[in-house]
Amino acid sequence: MILYYKCPSCGSDMTFDPKSGELICDSCGRIENIESYPEELKQAEFSPEETKEYQCENCGAVLITTADTVATHCSFCGAGVVIGDRVSGHLAPKRVIPFTITKEEAIQAFKKWCRKGLLTPKGFMTADRIQSITGMYIPFWLFDLNSKVQVSAICTRESTYEEGDYICTETEFYEAFRDINLNYVKIPADASEKMDDELMDRLEPFSYDQLKEFKTPYLVGYLAEKYNYTDEELLPRVKGKINEYIEAYISSTFRGYHSVDYRQKQIETNNVKSFYVLLPVWMVNYDYNNKVYTFAMNGETGKVVGFPPLSKGKMAAWFGGIAAGTLLAFKCVALLMGGGFL
Amino acid sequence: MRHGLLKKPWLILFFVVVFLIGGSWGTLAKAASPHEAIFDQAHLLTRVQKAKLQALSSRLGKDRKTDFLILTVNGTGGQTLERYVEDFYDSQAPGYDKAHGNAAILAIDMKERDVYLAGFQKAKRYLDSGRMDQIRNAITPELSDGQYYQAFSDFMHKAHDYMGYKPGVNPNSILFKWWFQITVSLLAGLIIIFFMAYRSGGRVTVNAKTYLDHQSSGVVNDYDTFLRRTVTRRRKPSNNSKDGGGGGVTPGGYSHSGSSGKF
């Protein structure tokens, strides 16, 4: 089942406009509010593996999609289509953050980011070899986690004072106990097999005040994937993500002690709530020296992540500069202390 | 004319007195001048070595406006070497630009195998007892080996070097060492470059507080029970007495820094 969004006025294909957050008709300029656009899709339920071929009802061409594709374009007539059965039923995303950055803005932001690269080669910085830039909705699970922590520890507090010819160190021992309740909300974890986890983690944070009730028209004009991993499968990864946060919180409750020796530490983390969302990401393919580099840009905040090429010459120059600068600073300090410059 | 003749003997007497006083000042100034820096009463140096040290003393002394003096004796007549050096300063009145001026003195007594270093005026401030200790420690092995010329020239070089550092700064501080400065600089470069390369792909901007719900999170229950108290005592390091103990005041009222030891 393929969904099209036709302009009620002229019948052209409508696309999502990140600036206004509405559907817009490129031909006649009509704007349709997504919240009020009739939604009759969620009842329909199909097996997600059912078909990989669709026929474009616009032009009649055959659309071949992967089993995970949710939204795409017809390669012949360019109409944005949403494959409805892949975003319905248990595959229906609960929420979506729509794109707020347009393609042009994304290109500009990416070019700006390339210019700021301190270690990237000069040829890379001009950012004139962008092969493709694709707006994609990436499937994420947002987790609300609750952690119950019980820690007991032997802690010490030290003070020193002078007594005649002696320096006395007084050590006080305490048995300390902490019962901590921690709630972490909306921790994202990408549920797409294709996306690099580390890359997606660096895209954070998304600002959740833009989180909208999911409606299929948001996807029109973009690519979208359905999730490959369920929330249960991703739970260990998310627990791992907050582990260091929990540890940091625990140690913050022992502030004031000079040493803390943990005797018992119980951390029990439970999944309170998890829901499936689609988050906007611009994928940029960049051709440099016959190699394609992939970058991802947060479609809401414009933050760019990726692994750019590093210029050996620039690295050497920075290294030399920093080392020489440090040495100079040393010499100046030595000079100030009366040690002479050489 | 008659008037002038009458006064003439008086004038002559006046000139004689002035000449004599001037002469005695002249001899004093001679003792204090950089020309006489080596007082080798124990005859440890050859004529050539003496001349070389003399030249070294004038050259380095000019730079620091300080007399670098070497004093060797064979017995001090019962008094301590420190007292001997004090008397020497009082009576000989050395100094770079005036009597009882800036002077750094290395004295050794062959009979008791004592070594004493003293700094007066500017040398007292720049070569405090701590620095004198460092110099003495550096040259004592050479003195023990009988390499007197080497030890004396090392004393002058080191004293000259140390006077380049402001008072209160440890001239042997690791901060002044070339190898340390270069190693730290290279390390700083490496670490910063590594950090920059790591950050070039976008940095993590979420932290422990990003996803924490502050309102519903916190410590539910806690207690801190006092168990026991232990006290350990250790003696204060006796650094201060060591640093300050080397100096003193001459009978003539000149205070000085100093460091004494055996070789």
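So, to start: which residue is the bridge partner of A:Thr69 in E13(A)? It's A:Glu225.

Quick housekeeping before I go on. This is a predicted model, where local features need pLDDT of at least 70, side-chain atom pairs count only at pLDDT 80 or more, and totals for chains, interfaces and linings use all residues. Residues are numbered from 1 along each chain as its sequence is written, while chains are lettered from A and ligands numbered from 1 in the order in which they are written.

Okay, chain A. We've got five helices and 16 strands; those are DSSP runs numbered from the N terminus, with helices being H or I of at least four residues and strands E of at least two. Of the 342 residues in chain A, 32% are buried, meaning 20 or more other C-beta atoms lie within 10 Å of the residue's own, with C-beta atoms placed from the backbone.

Strand E7, residues 69-73 of chain A, pairs antiparallel with strand E13, residues 223-225, over two bridges; strands pair if DSSP finds at least two bridges between them. E7(A) also pairs antiparallel with strand E8, residues 80-83, this time over three bridges, and there A:Ala71 stands opposite A:Val82.

Now the interface. 55 residues of chain A are in contact with 50 residues of chain B, contact being C-beta atoms, placed from the backbone, within 7 Å. On the chain A side, the largest share, 22 residues, comes from E11(A). By class that side has 33 nonpolar, twelve polar and ten charged residues. Here Ala, Val, Leu, Ile, Met, Phe, Trp, Tyr, Cys and Pro count as nonpolar, Asp, Glu, Lys and Arg as charged, and the others, Gly among them, as polar.

What does E11(A) join up with? Strand E5 of chain B, residues 218-235, through 16 bridges, running antiparallel.

Then the helices. H5(A) packs on helix H7 of chain B, residues 178-199, at about 140°, axes 8 Å apart; axes are lines fitted to C-alpha atoms over the stretch in contact, and angles run from 0 to 180 degrees between N-to-C directions.

Technical notes: Two residues are in contact if their C-beta atoms, placed from the backbone, lie within 7 Å. A residue is buried if 20 or more other C-beta atoms lie within 10 Å of its own, exposed if 12 or fewer, and partly exposed in between; C-beta atoms are placed from the backbone.
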